[in-house]
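User: I am new to this structure and would be grateful for a close look at a single part of it. Please take one residue as the starting point and then relate it to its surroundings in a connected account.

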Amino acid sequence: MTQLVPELLAGNRRALARLLTLVENDQAEAELSQLYAHTGKTWVLGVTGAPGTGKSTLVNEITKAYRQAGKTVGIIAVDPTSPFSGGAILGDRIRMRDLSGDPGVFIRSMATRGNLGGLARTTRDAIRVLDAAGYDIVIVETVGAGQNEVDIVRAAHTTIVVEAPGLGDEVQAIKAGILEIADLLVVNKADRQGVAHTINALKMMLELGHPVEKVNHHGRALTATTPPPATPTRFWLPPILQTVAAEGKGIDEVLAAVDNHRRHLEETQGLQALEAEHLRIELLDRLRDGLLARLLRELPPDALARLVGQMQAREIDPHSAIKTLMGKLS
Ligand SMILES: Nc1nc2c(ncn2[C@@H]2O[C@H](COP(=O)(O)OP(=O)(O)O)[C@@H](O)[C@H]2O)c(=O)[nH]1
Ligand SMILES: [Mg+2]
């Protein structure tokens, strides 16, 4: 058994860095099993939004504020658009330099190795490593690119969607469909023109998305004939906050909103439900990966190519092809 996990639990930063590298290379299975019992304590913040909205700057400021409150922070910067540790990630490093040297902060940039499906899994594992290492808060920054960050924030307790005025498209998140995952909406660059416009667009979207929920009870829409619930279900309406991250403005309000959201989840038993849902999704993800890997291992090397050929020649249809393949799973 490796010594890495005991060292990690004892607060060794080198063990932490080493473990994260193993996680990135998909070689940390034994260690992850070993440390799992020590996880479940950290609060995971997902920060997502289009490139250039100021996520890294905001993460930097949020981290400084948590440090002032005496909390330790682990940061995972995920950038699927940067397959090599190039531009964006280097920029993040420089931007976060005022955090370096602080033993209460650990920053890790993760570039994907082309496998986007694996990114959510790697991120989840990296969060667990930081969790076991004892960080109070883990912040995951992901670039807004559609389904990816939606998958990634499935590991977050509180998801912050960052917008900024004047990036051409009024509200980028609407297009990317990531508004639904927001617990907090932050309009950064509030020093810029067009803030009111962005805020109004977000408000409209929220009102469109939430009016039914407000009168929902246990998934049923309340009608005039439905008696009101004895204890009204409390819904979380994402607050819209303004920040000027570059000047450290509005950060305390963001922290207060995160706190409110956390309390909301804890008081409504939403936290257990959220964690259960995250774990269920993770199980299904891993099961899918595991079954597929096993099937591909058991198939003759040319089996897929042969089936593709048969499908192309219209000798076999896709459904029957799948049945044939599934039949090979013992
Ligand atoms: N005017 C203004 N610029 C900002 C603000 N926050 C960040 N920036 C700048 O916006 C650019 C992109 O910031 P960055 O944090 O890298 O954005 P990311 O791509 O979302 O991580 C940088 O040049 C920042 O200095 C802000 O509140 N106001
Ligand atoms: Mg960034």
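Analyst: In this predicted model, Arg314 is exposed, because 7 other C-beta atoms lie within 10 Å and a residue with 12 or fewer such neighbours counts as exposed. Arg314 sits in the loop between α13 (303-312) and α14 (318-326). Its backbone deserves attention too: phi of Arg314 is near 60°, a positive value in a residue other than glycine.

Is Lys189 buried or exposed? Lys189 counts as buried, because 24 C-beta neighbours lie inside 10 Å and the threshold for a buried residue is 20 or more.

Strand β6 is joined to strand β5 (residues 158-163) by 4 bridges, and the two run parallel. Within this pairing, Leu185 of β6 is the bridge partner of Val161. Strand β6 is also joined to strand β9 (residues 240-242), here by 3 bridges and again in parallel. In that pairing, Val187 stands opposite Gln242 of β9.

The account now turns to the helices. The axes of helix α11 (residues 251-267) and helix α12 (residues 270-298) come within 5 Å and cross at roughly 90°. The two helices are therefore roughly perpendicular. On the α11 side, the contact is made by His264, Leu265 and Glu266, and on the α12 side by Gly270, Leu271 and Leu274. By class, the residues of this contact divide into 3 nonpolar, 2 polar and 1 charged.

Helix α11 also meets helix α4, and their axes come within 10 Å and cross at roughly 75°. That angle makes α4 roughly perpendicular to α11. Glu61, Ile62 and Ala65 of α4 form this contact with Ile251, Asp252, Val254 and Leu255 of α11. The contact of α4 with α11 contains 5 nonpolar residues, no polar ones and 2 charged ones.

In total, 15 residues surround ligand 1, and the closest are Gly54, Lys55, Ser56, Thr57 and Ala246. The shell around ligand 1 is made up of 4 nonpolar, 7 polar and 4 charged residues.

The secondary structure of the protein chain comes to 14 helices and 9 strands. Of its 330 residues, 34% are buried; Lys189 counts as buried, whereas Arg314 is exposed. Among contacts in the chain with a separation of 6 or more, 76% are between residues 24 or more positions apart.

Terms used:
Residues numbered from 1 in each chain as written. Chains lettered and ligands numbered in written order. Predicted model: local features only at pLDDT ≥ 70, side-chain atom pairs only at ≥ 80, totals over all residues. Axes fitted to C-alpha atoms, helices over the stretch in contact; angles between N-to-C directions. Parallel < 35°, antiparallel > 145°, perpendicular 65-115°, else oblique. Contact = placed C-beta atoms within 7 Å. Nonpolar A, V, L, I, M, F, W, Y, C, P; charged D, E, K, R; others polar. Near = placed C-beta within 6 Å. Pairing = 2+ DSSP bridges.
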